[in-house]
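This briefing covers strand pairing, sheet order, helix packing and the nonpolar cores. Please view the structure below first.

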Amino acid sequence: MEYIEVTLTLPSASAQTAVDIAEMTDIGGIYLEDYSDMMDCELVRQINLVDEDLMNKDKTTAVLHIYFEKDANLAAAMEYMESRLGAEGIAYQVSYAKVEDTDWLNGWKKYYHPLPVGPITIVPAWQVEEYTPAEGEKLLVIDPGLAFGTGSHETTSSCMEALACFVKEGDRVLDVGCGSGILSIAALLCGASEALGIDINPNAARVAEENAALNSFPGRFDALAGNILDEDRDPVLKDALCDQVYDLVVANIVADVIIPLSGQIRRHLKPGGYFITSGILAPRAEEVRAALEQNGFTVCETKQKKEWVCYVAR
């Protein structure tokens with residue numbers, strides 16, 4: 001079906017107001033390009049899968065794409081929007097184009113490309129059929145989806161590289177703050193027999209399970225929603241983790257969680273097991289290292305990419 005695309009370019013601070021105004025008209029579809037809070041999205045922080053052009057987008061300007069069916073009363077809709085935008089004091093630029101529905105439904109996918117991380121290549125779900133892996137190359141399939149998006153972050157690649165080095169065949173892995181499930185899936189592709197992902201966000205746990213279903217591995221993956229720091233007060237986590245120990249624990253989160261977690265996680269780590277942790281900004285790295293050592297860990301490997309530090313401890 002052919003649509004008329006109305007594109008409004010306006011300040012990011014006014015974007016949501018403009019969306020609310022546009023939705024009062026007879027639109028056939030709408031999407032907003034607003035990168036001002038892109039790095040606040042957990043998956044953007046986690047997955048280094050996105051085109052650099054997207055990371056370099058202007059964070060102060062938003063682009064609102066509004067789609068009208070070709071027989072809609074475009075003139076009346078524009079008169080209404082112009083009046084309301086003016087009343088709100090929102091400055092904008094407008095342009096028009098004719099497009100097919102497939103153009104705007106799938107246009108966001110152009111920013112996502114296969115990305116090799118160690119022995120694993122992360123591949124967007126819609127590119128799997130056209131991607132030909134090299135011999136021995138492991139594919140990790142992920143579907144970022146319109147609701148979540150993905151992005152670039154050094155912490156994920158550091159953790160994936162560490163998993164490729166330290167996961168052994170048959171290992172049990174606990175993934176704290178699993179987000180999209182990418183680290184659990186990577187561990188399973190590297191030979192782990194099972195992985196349990198835990199995330200404080202119920203939506204993340206659901207998405208992790210959906211992403212795991214896109215991949216082929218002989219092991220088992222489960223995801224739970226909850227805060228592991230409240231394990232003793234959370235009946236679901238308490239039941240799931242009771243007396244459970246793992247060969248490796250990975251936590252790609254933040255220093256303020258890793259520090260208390262380092263005193264709690266030993267109950268779930270087998271003797272000699274590895275604790276891989278990242279999400280640590282360089283100025284907090286020594287603080288995290290001290291907490292690990294105070295709780296009986298020895299840091300055996302340190303990785304740093306830009307301002308982000310990853311520790312492997314045991």
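Glu 2 stands opposite Glu 100 in strand E4. E4 (residues 93-100) runs antiparallel to strand E1, and eight bridges join the two. This is a predicted model: local features need pLDDT of at least 70, side-chain atom pairs count only at pLDDT 80 or more, and totals for chains, interfaces and linings use all residues. Residues are numbered from 1 along each chain as its sequence is written, and side-chain values use heavy atoms, with hydrogens and water left out.

- Helices (H or I, at least four residues) and strands (E, at least two) are DSSP runs, numbered from the N terminus.
- Two strands pair if DSSP finds at least two bridges between them.
- E1 (residues 2-11) also runs antiparallel to E3 (residues 61-69), joined by nine bridges.
- Glu 5 stands opposite Tyr 67 in E3, and Thr 9 has Val 63 in E3 as its bridge partner.
- E3 pairs with E2 (residues 29-33) as well, antiparallel, over five bridges.
- In that pairing, Ile 30 stands opposite Ile 66.
- E1 is mostly covered, with seven of its 10 residues buried; buried means under 20% relative accessible area, exposed over 50%, and partly exposed in between (1.4 Å probe, protein chains only).

**Pro 119**
- Pro 119 sits in the loop between strand E5 (115-117) and strand E6 (120-124).
- Pro 119 counts as partly exposed because its relative accessibility is 36%.
- Beyond four places in sequence, Pro 119 is in contact with Glu 137, Lys 138 and Ala 164; contact means heavy atoms within 4.5 Å.
- The C-alpha atoms of Pro 119 and Gly 136 are separated by 8.1 Å, and the two are 17 residues apart along the chain.

**The seven-stranded sheet**
- Seven strands form an open sheet with mixed pairing, in the order E10-E9-E8-E11-E12-E14-E13.
- E10 (220-225) and E13 (299-305) stand at the edges with a single partner strand each, so one side of each has no neighbour in the sheet.
- Neighbouring strands of this sheet are turned by 15° against each other on average, direction ignored.
- E8 (residues 172-176) and E11 (residues 246-252) run parallel, joined by four bridges.
- Asp 175 stands opposite Val 250 in E11.

**Helices on the sheet**
- H8 packs on the sheet and touches E8, E9 (194-199), E10 and E11; its direction makes about 175° with that of E9.
- Axes are lines fitted to C-alpha atoms, for helices over the stretch in contact, and angles run from 0 to 180 degrees between N-to-C directions.
- H8 is largely enclosed by the rest of the structure, because eight of its eight residues are buried.
- The buried residues of H8 include Ile 182, Ser 184 and Leu 189.
- Gly 191 follows H8 and has a positive phi, near 120°.
- H9 (residues 202-213) lies across E9 and E10, at about 165° to E10.

**Nonpolar cores**
- A nonpolar core is a set of buried Ala, Val, Leu, Ile, Met, Phe, Trp, Tyr and Cys residues joined through side-chain atoms within 4.5 Å.
- The largest one has 35 residues; Leu 140, Met 160, Leu 163, Phe 221, Leu 248 and Ile 276 touch the most other members.
- Helix H8 (residues 182-189) supplies the largest share of this core, seven residues.
- Another core, of 25 residues, lies apart from it, with Val 176, Leu 241, Val 249 and Tyr 311 among them.
- Beyond four places in sequence, the contacts of Leu 248 include Leu 163, Phe 166, Arg 172 and Ile 276.
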